[in-house]
Amino acid sequence: MVSKKIVIVGHFGVGKTSLIRRFVEDIFSEDYKVTIGVHILKKTVEINDKEINLILWDTEGTDDIEEIRKAYLLGTHGFIFVCDLSRPITYKNIESQIDYLKTNFNNVPILSIGNKSDLLPKGSISGKKEEMSFLDMLVSAKEGNNVQRLFEKMAKMLF
Amino acid sequence: MTEDEKLALLKTILLTDAREHSESISLKINALEEILREKQKLSDKISPIIREELEIFASNMPENLGPSITKTLKRQVTESKDEVVEALFPILGKMVKKYISQEMKILTETVNKTAKDTFSVAGIKRKFTSIFTGVSEKEMIVSQLGDAQIEQVFVIEKGSGILLGKFQIKETVDEDMISGMLTAIKAFVEDAFKETGHDLQSIEYDLYEIHLHSFHKYYIATAVSGTFTETLENDLENFNLEVSQEINKKEILTSRPELEKLLLDRYETIKLSKQ
């Protein structure tokens with residue numbers, strides 16, 4: 001079975017850990033626990049009848065992506081950049097952050113996503129999606145919306 | 001009405017109220033005196049109040065008294081070490097004694113079982129060695145029981161921490177996650193002391209040691225149990241180097257089944273002996 005390293009990056013409190021926990025364990029907790037260093041989880045997905053091991057590196061939140069220990073990002077096969085839809089500061093510099101990843105990590109696939117779509121008023125999601133066209137997907141770790149699809153999309157991008 | 005009659009009437013009016021009032025006070029005082037004198041009656045009145053106060057006190061005790069108790073205990077332990085040791089010694093001593101006797105029992109059983117296995121090749125070899133060297137068989141067995149043993153071997157890609165191949169004598173928790181975390185720990189330590197430019201070489205936990213030997217594209221993590229000496233460490237390093245040369249020669253780094261077959265062939269037969 002093939003294994004791929006996926007690193008989840010983004011600001012503090014955007015919901016990186018919640019996203020992974022929703023995907024791997026299908027649970028969500030309102031308690032906020034700060035990730036220190038890095039935490040690693042794994043989930044196997046099936047793409048085109050082939051099983052792939054996704055090794056998910058959950059990094060600690062940083063204001064600037066360059067603050068993440070570079071050694072944690074080495075050998076990454078795909079990045080997921082997470083923003084909080086309710087906090088503009090978390091996606092203000094998204095372009096430069098994505099550029100940094102592209103330049104330093106061999107153009108590996110990157111997905112930029114907006115988390116906490118459950119906080120948006122009902123019926124406003126499609127409007128928000130158009131408004132934030134720089135994001136690939138809007139997800140909700142709390143309600144589970146699009147979480148499975150996000151990781152499957154990433155797995156497909158790796159083949 | 002005469003002056004005397006008027007005066008008598010006025011006295012009656014004034015003194016009747018005062019007398020009634022003083023009589024009622026006197027009655028109340030008598031009742032109180034009775035309560036105080038009779039224990040049961042006093043208890044009936046005061047007990048509910050004391051009980052309520054006690055309940056409040058008990059529920060607030062950890063917050064109110066906790067810090068003072070801890071402080072007092074600490075001081076008491078520091079100031080009267082001998083008394084504390086004397087008090088704890090019988091309890092701890094019994095626990096240690098029980099643990100050691102249990103471990104000795106297991107050791108004796110293992111020694112006896114191995115000694116009874118007379119007709120195995122190892123048994124016959126041991127007997128001959130014992131005759132020629134003069135060292136008793138049981139001593140030789142005890143010495144061998146402490147030998148280091150390779151429990152697990154992981155070949156891990158540098159940087160990504162992806163597990164390329166593994167060998168293990170018993171199942172553990174998820175080896176992919178272990179590989180990732182080992183790589184993260186290695187990266188963290190090496191990053192923290194980057195001025196030295198050295199690799200993290202081993203991690204110790206409980207009775208195990210994990211030895212990390214780095215090569216160009218990957219590193220080999222070997223978990224060893226038992227008594228591991230400097231000499232054995234060198235032997236293991238040389239052995240891992242040999243395995244690495246074989247991996248490179250056969251170009252099987254990206255073929256997990258072939259890599260794991262090689263690891264099984266090589267590590268299953270390795271003997272890390274002090275002799």
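This is a short tour of a two-chain model, stop by stop, with something to select at each one.

**Before you start**

The model is predicted, so local features are described only where pLDDT is at least 70 and side-chain atom pairs count only at pLDDT 80 or more, while totals for chains, interfaces and linings use all residues. Residues are numbered from 1 along each chain as its sequence is written, and chains are lettered from A and ligands numbered from 1 in the order in which they are written.

**Stop 1: chain A as a whole**

Chain A has five helices and six strands; helices (H or I, at least four residues) and strands (E, at least two) are DSSP runs, numbered from the N terminus. Of its 159 residues, 39% count as buried. Here a residue is buried if 20 or more other C-beta atoms lie within 10 Å of its own, exposed if 12 or fewer, and partly exposed in between, with C-beta atoms placed from the backbone.

**Stop 2: the sheet of chain A**

Now colour the strands of chain A. In what order do the six strands of the open sheet stand? The order is 2-3-1-4-5-6, with mixed pairing; two strands pair if DSSP finds at least two bridges between them. Strand 2 and strand 6 (137-138) of chain A are the edges, and each has a single partner strand, so one side of each is left without a neighbour in the sheet.

Zoom in on strand 2 and strand 3 of chain A, which run antiparallel and are joined by ten bridges. Pick His39(A) and you will find Asp58(A) of strand 3 opposite. These two strands form a hairpin with two residues between them, and Asn48(A) in the turn has a positive phi of about 50 degrees.

For a parallel pair, select strand 4 (residues 78-84) and strand 5 (residues 110-115) of chain A, joined by six bridges. Asp84(A) has Asn115(A) in strand 5 as its bridge partner.

**Stop 3: two crossing helices**

Select residues 16-25 and 147-157 of chain A, which are helix 1 and helix 5; they pack at an angle of about 90 degrees, with their axes 9 Å apart. Axes are lines fitted to C-alpha atoms, for helices over the stretch in contact, and angles run from 0 to 180 degrees between N-to-C directions. That makes helix 1 of chain A roughly perpendicular to helix 5 of chain A (angles under 35 degrees count as roughly parallel, over 145 as roughly antiparallel, 65 to 115 as roughly perpendicular and the rest as oblique).

Show side chains here: Leu19(A), Arg22(A) and Phe23(A) of helix 1 meet Val147(A), Gln148(A) and Phe151(A) of helix 5. Four of the residues in this contact are nonpolar, one is polar and one is charged. In this scheme Ala, Val, Leu, Ile, Met, Phe, Trp, Tyr, Cys and Pro count as nonpolar, Asp, Glu, Lys and Arg as charged, and the others, Gly among them, as polar.

**Stop 4: where the chains meet**

Show both chains. How many residues of chain A are in contact with chain B? There are 15, and they meet 15 residues of chain B; two residues are in contact if their C-beta atoms, placed from the backbone, lie within 7 Å. On the chain A side, strand 1 (2-10), strand 2 (38-47), strand 3 (50-59) and helix 2 (70-73) each supply at least two residues. That side has seven nonpolar, five polar and three charged residues.

**Stop 5: the largest nonpolar core**

Select Ile6(A), Ile8(A), Leu56(A) and Ile156(B), the residues with the most contacts inside the largest nonpolar core, which has 66 residues. Such a core is a set of buried Ala, Val, Leu, Ile, Met, Phe, Trp, Tyr and Cys residues joined through C-beta atoms within 7 Å. Strand 5 (residues 218-225) of chain B gives the most to this core, with six residues.

**Stop 6: chain B**

Finally, select chain B, which has eight helices and five strands. Buried residues make up 18% of its 275 residues. Strand 3 (residues 202-205) and strand 4 (residues 208-214) of chain B pair in the antiparallel sense over four bridges, and Ser202(B) stands opposite His211(B).

End at Leu253(B), in the loop between helix 7 (230-250) and helix 8 (256-269) of chain B. Buried or partly exposed? Leu253(B) is partly exposed, with 18 other C-beta atoms within 10 Å. Its C-alpha atom is separated by 7.0 Å from that of Leu164(B), 89 residues apart along the chain.
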